[in-house]
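I opened my notebook to this chain and jotted down what I looked up, step by step. Here is the picture I went through.

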Amino acid sequence: MKIFYQTSATATGGRDGHTQVDDGSIGFDLVGFQNESGKQGTNPEQLFAMGYAACFDSAMNYVAPILGLKPTQSSTTVSVGIGQKADGAFGLDLDITITVAGLSEEEARKLITRAHEVCPYSNATHGNVDVRLHIDLIQHFDL
């Protein structure tokens, strides 16, 4: 695989610590998803949701012209859940919703399916995480 970009980040203190991109450009104080202390911060699931949403949205923008599709508006929302599996390990659960205008439902399904095949986050989670794809069509009516 030809690498186009690479970055690294370091976390200290786990879910109740701090994480920062190694070039210093961004960092976060972390809190657990069951933050009972009231400490301000974010959690790894929120960071994963933001990254996945941005990456998936880019994948849609990449594949739309290849498929001959021209959405007039679109966005991607990723909802990340975390839970414990029957074997005691922890796992993620994902819902990806694209909100799109200017496409039929069939075209939107074609777009989201192909983007899911191309997106690096989708490829990384394929077969490991439950992922559900949803479409929210925006209808424009001329009066």
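Entry one. I started with Thr125, and found its place in helix α3, which spans residues 120–125. I kept in mind that this is a predicted model.

Entry two. Is Thr125 buried or exposed? I looked up its relative accessible area, which is 7%. The cut-off for buried is under 20%, so Thr125 counts as buried.

Which residues does Thr125 touch, leaving aside its neighbours within four places in sequence? I noted contacts with Phe48, Tyr52, Leu94 and Val131.

Entry four. Next I turned to the domains. The domain assignment gives domain 1 as 1–42 and domain 2 as 44–138. I read off 22 Å between the C-alpha centres of the two domains.

Entry five. How many residues of domain 1 are in contact with domain 2? I found eight, and they meet five residues of domain 2. About 530 Å² is buried between the two domains, and carbon and sulfur atoms give 65% of that area. On the domain 1 side, Arg15, Phe33 and Thr42 lose the most area to domain 2, together 72% of what that side buries.

I then checked for charged pairs, and the rule finds one salt bridge across the interface of domain 1 and domain 2. Glu45 forms a salt bridge with Arg15, and their closest N and O atoms are 2.5 Å apart. I also noted two residue pairs in polar contact between the domains. By class, the side of domain 1 that touches domain 2 has four nonpolar, three polar and one charged residues.

Conventions
Residues are numbered from 1 along each chain as its sequence is written. This is a predicted model: local features need pLDDT of at least 70, side-chain atom pairs count only at pLDDT 80 or more; totals for chains, interfaces and linings use all residues. Side-chain values use heavy atoms; hydrogens and water are left out. Domain bounds come from an automatic or database domain assignment. Contact means heavy atoms within 4.5 Å. Buried area is the accessible area (1.4 Å probe) that two parts lose on being put together, summed over both. A salt bridge is a side-chain nitrogen of Lys or Arg within 4 Å of a carboxyl oxygen of Asp or Glu. A polar contact is a pair of N or O atoms within 3.5 Å; within protein, one must be able to donate a hydrogen and the other to accept it, and residues adjacent in sequence count only if both atoms are side-chain atoms. Ala, Val, Leu, Ile, Met, Phe, Trp, Tyr, Cys and Pro count as nonpolar, Asp, Glu, Lys and Arg as charged, and the others, Gly among them, as polar. Helices (H or I, at least four residues) and strands (E, at least two) are DSSP runs, numbered from the N terminus. Buried means under 20% relative accessible area, exposed over 50%, partly exposed in between (1.4 Å probe, protein chains only).
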